[in-house]
Amino acid sequence: MAILTVEADALQMIRSLRDQEGTEGEVGLLLEITGVRGGQFSYDLAFIPVADLQDDQVLERHDDLAVIVFERDVSNLQGASLGLTDEGLSMNNPNSPSPAMAAVPGDLEGPLADQVARVLTESVNPSIAMHGGAAELVSVDGTVAYLRLSGGCQGCGLAQVTLSQGIDRILREAIPELTEVVDVTDHGAGSNPYYQRSKK
């Protein structure tokens with residue numbers, strides 16, 4: 001069963017954009033849930049080579065378009081449809097964030113968010129990738145960063161240790177103005193995520 005539906009008009013637009021990429025080999029559309037805004041999921045769309053498909057990603061085909069999503073997002077995208085409006089591509093998703101996820105304050109804009117995202121990409125994720133894990137920035141509120149762990153870190157009994165002794169230490173050494181790191185991962189795989197706070 002397909003994870004989501006891509007409406008015909010959206011499919012035509014995405015194909016047109018894809019064909020302008022000029023990349024060798026097949027290019028797919030990566031659709032990722034990046035956080036919560038206004039009580040609804042927020043998304044990021046990007047074209048990536050299908051050959052770069054990762055172990056924690058799922059590919060499904062919509063005619064000649066490859067759509068790639070992360071395994072962690074599958075349940076929250078089930079039954080969703082990607083359509084086209086006057087304002088551009090729009091996601092119609094029957095799934096709603098859990099109350100705990102929706103309560104995450106802040107956003108992904110600003111210099112502190114950019115710094116956290118960069119440190120996660122350059123320092124944190126390479127160090128936990130050997131365990132099959134990854135960390136992503138959900139939100140920054142003031143000097144507090146909210147992270148979501150995935151892969152080998154999601155549901156892991158050592159996630160608290162990973163956060164407090166590894167990720168938290170790396171982030172705050174690199175970014176002195178960061179005062180707190182909060183884990184909003186859904187470690188229960190279907191239940192509301194818990195908050196694991198790590199304060200300075």
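**Entry 1**

Leu84 belongs to strand β6, residues 80-85. Helices (H or I, at least four residues) and strands (E, at least two) are DSSP runs, numbered from the N terminus.

With Met13 and Leu17, Leu84 makes a nonpolar surface patch of about 200 Å². Patches are made of residues with over 30% relative accessible area and no salt bridge; like charges are joined within 9 Å, and nonpolar side chains (Val, Leu, Ile, Met, Phe, Trp, Tyr) within 5 Å. Accessible areas come from the Shrake-Rupley method with a 1.4 Å probe, and for residues only the protein chains shown count as cover.

**Entry 2: Conventions**

I recorded that residues are numbered from 1 along each chain as its sequence is written, and that side-chain values use heavy atoms, with hydrogens and water left out. Because the model is predicted, local features need pLDDT of at least 70 and side-chain atom pairs count only at pLDDT 80 or more, while totals for chains, interfaces and linings use all residues.

**Entry 3: The sheet around β6**

I next asked in which order the strands of this open sheet stand. The order of the three strands is β1-β6-β7, and the pairing is mixed. β1 (4-6) and β7 (88-92) stand at the edges with a single partner strand each, so one side of each has no neighbour in the sheet. From one strand to the next, the twist averages 25 degrees. Two strands pair if DSSP finds at least two bridges between them.

β1 and β6 run parallel and are joined by three bridges. In this pair I found Leu4 opposite Ala80 and Thr5 opposite Ser81. Helix α1 (residues 8-19) packs on the sheet and touches β1, β6 and β7; its direction makes about 75 degrees with that of β6. Contact means heavy atoms within 4.5 Å. Axes are lines fitted to C-alpha atoms, for helices over the stretch in contact, and angles run from 0 to 180 degrees between N-to-C directions.

β6 and β7 pair in the antiparallel sense over five bridges. They form a hairpin with two residues between them. Leu84, the residue of my opening entry, stands opposite Leu89 in β7.

**Entry 4: Salt bridges**

I counted a salt bridge as a side-chain nitrogen of Lys or Arg within 4 Å of a carboxyl oxygen of Asp or Glu. By this rule the count comes to 10 salt bridges.

Arg18 and Asp64 meet through their side chains at 3.2 Å, N to O. This pair links distant parts of the chain, 46 residues apart: Arg18 is in helix α1 and Asp64 in the loop between β4 and β5. Arg18 is buried, because its relative accessible area is 13%. Asp64 counts as partly exposed, because its relative accessibility is 40%.

In the salt bridge of Arg61 with Glu26, the closest N and O atoms are 2.6 Å apart. Arg61 lies in strand β4 and Glu26 in the loop between α1 and β2 (27-37), so the pair ties together parts that are 35 residues apart in sequence. Both ends are partly exposed: Arg61 at 46% relative accessibility and Glu26 with a relative accessible area of 34%.

Asp168 and Arg172 form a salt bridge with the closest N and O atoms 3.0 Å apart. They are four residues apart in helix α5 (residues 159-174), which means about one helical turn separates them. Are these two residues buried or exposed? Both Asp168 and Arg172 are buried.

I also found one network, in which salt bridges that share partners join Arg15, Arg18, Asp19, Asp63 and Asp64.

**Entry 5: Asp63**

Asp63 lies in the loop between β4 (57-62) and β5 (65-70). Although Asp63 is not a glycine, its phi is positive, at about 55 degrees. Asp63 counts as exposed, because its relative accessibility is 60%.

**Entry 6: The protein overall**

The protein has five helices and 11 strands. Of its 200 residues, 46% are buried. The accessible surface comes to about 10,100 Å², and 48% of this belongs to carbon and sulfur atoms.

Technical notes: Buried < 20%, exposed > 50% of the residue type's maximum accessible area, 1.4 Å probe, protein only.
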